[in-house]
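I opened this notebook to record what I looked up, one topic at a time. The entries below follow the order in which I went through the chain.

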Amino acid sequence: MRIFHVSEENDMTVFHPRLPDRPDLDPKKGLVWAINDTCLPNFLTPRNCPRVCYHIGATTTEQDKRVFIASTQCSHVIVIESKWFETMKNTKLYLYEFDIQGFTLQDQNAGYYTSETTQYPIAKFEVENLFEELFKRNVEVRIVDNLWDIHDGIQKTSFNWSMCRMRFAQPRK
C-alpha cells in the first residue's frame, strides 16, 4: 500500500505533526496526515475546492452502482461545483509519498493515515493536469451547480463516501 500527502506547495521536505482543528480529535496531539492510494482521488483537486467523493466499497450494492455511477469502467466519482472548473484546470499539485511504517490507520472509509512523529517524504510527484490524472485513475468527474443534493443523497447509499471543504460550497438552494 502507498500513502501520500497532497499539496499545492512544491518545496516540502519535512512534515512536522500539527495540532488538529477537528472536534473529534485530541487537540493536544499533533499529527502528520496521509491518504491511501485508493482514496487519493478525493484530494486531486485544489485544496479548498468543495467536493463530494464516493467510491465502490465491499458492501456497495449493484443498484447503487447503476444509479450513481455512469460508467462501468469507473469505481470512483468526484463531484465539484462548476465555479471551481477553471481553478481545477489551472492548479498544479504535488504528491509526497511516505513510508507507511511510520503511520497508523486513522479512518478506513476515508483512507486517512496519521503519524505522531516528524516524517520525511520518500518521493515527490508533480500533477500538472488534475482532470487527466483523475481520468487515468478511472475516476468519473461530475460538475454541478450545487453540491447539496448529491451531498445529502450519497450518504443514504452503500458507497464509501467523503465530503471535503463543504464550508466553501455554494449555499443550499
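**Entry 1: the model.** I note at the outset that I am working with a predicted model.

**Entry 2: the sheet.** I looked up the strand order and found an open sheet of six strands, E6-E7-E2-E1-E5-E8, paired in antiparallel fashion. Strand E6 (104-107) and E8 stand at the edges with a single partner strand each, so one side of each has no neighbour in the sheet. From one strand to the next I read an average twist of 40°.

**Entry 3: the nonpolar cores.** Which residues touch the most other members of the largest nonpolar core? I found Leu40, Leu95 and Leu134 in that position, within a core of 22 residues. At least two residues of this core come from each of E1, strand E4 (76-81), E5, helix H3 (130-136) and strand E9 (139-144), and H3 gives the most, with three residues.

**Entry 4: the salt bridges.** I found eleven salt bridges in the structure, and I looked at some of them in detail.

The side chains of Arg2 and Glu97 meet at 2.9 Å, N to O. Since Arg2 lies in the segment before strand E1 (3-7) and Glu97 in strand E5, this pair ties together parts that are 95 residues apart in sequence. I checked the accessibility of both partners: Arg2 is partly exposed at 38%, whereas Glu97 is buried at 9%.

Glu116 and Lys29 form another salt bridge, at 3.6 Å, N to O. Glu116 lies in the loop between strand E7 (112-115) and strand E8 (123-127) and Lys29 in the loop between E1 and strand E2 (32-36), so parts 87 residues apart in sequence are tied together by the pair. Glu116 counts as exposed, with 52% relative accessibility, because the cut-off for that class is over 50%; Lys29 is partly exposed at 36%.

For Glu126 and Lys92 I read a salt bridge of 3.7 Å, N to O. This pair links Glu126 in strand E8 with Lys92 in the loop between H2 and E5, 34 residues apart. Both are partly exposed, Glu126 at 43% and Lys92 at 32%.

I also recorded a network of salt bridges that links Asp37, Glu133, Lys136 and Arg137.

**Entry 5: Thr91.** Is Thr91 buried or exposed? I had located Thr91 in the loop between helix H2 (85-89) and strand E5 (93-98), and its relative accessible area of 9% makes it buried, because the limit for that class is under 20%. A polar atom of the Thr91 side chain lies 2.6 Å from the backbone oxygen of Thr87. Setting aside neighbours within four places in sequence, I listed the contacts of Thr91 as Glu8, Pro46, Val127, Glu128 and Leu130.

Conventions:
Residues are numbered from 1 along each chain as its sequence is written. This is a predicted model: local features need pLDDT of at least 70, side-chain atom pairs count only at pLDDT 80 or more; totals for chains, interfaces and linings use all residues. Side-chain values use heavy atoms; hydrogens and water are left out. Helices (H or I, at least four residues) and strands (E, at least two) are DSSP runs, numbered from the N terminus. Buried means under 20% relative accessible area, exposed over 50%, partly exposed in between (1.4 Å probe, protein chains only). A polar contact is a pair of N or O atoms within 3.5 Å; within protein, one must be able to donate a hydrogen and the other to accept it, and residues adjacent in sequence count only if both atoms are side-chain atoms. Contact means heavy atoms within 4.5 Å. A salt bridge is a side-chain nitrogen of Lys or Arg within 4 Å of a carboxyl oxygen of Asp or Glu. A nonpolar core is a set of buried Ala, Val, Leu, Ile, Met, Phe, Trp, Tyr and Cys residues joined through side-chain atoms within 4.5 Å. Two strands pair if DSSP finds at least two bridges between them. Axes are lines fitted to C-alpha atoms, for helices over the stretch in contact, and angles run from 0 to 180 degrees between N-to-C directions.
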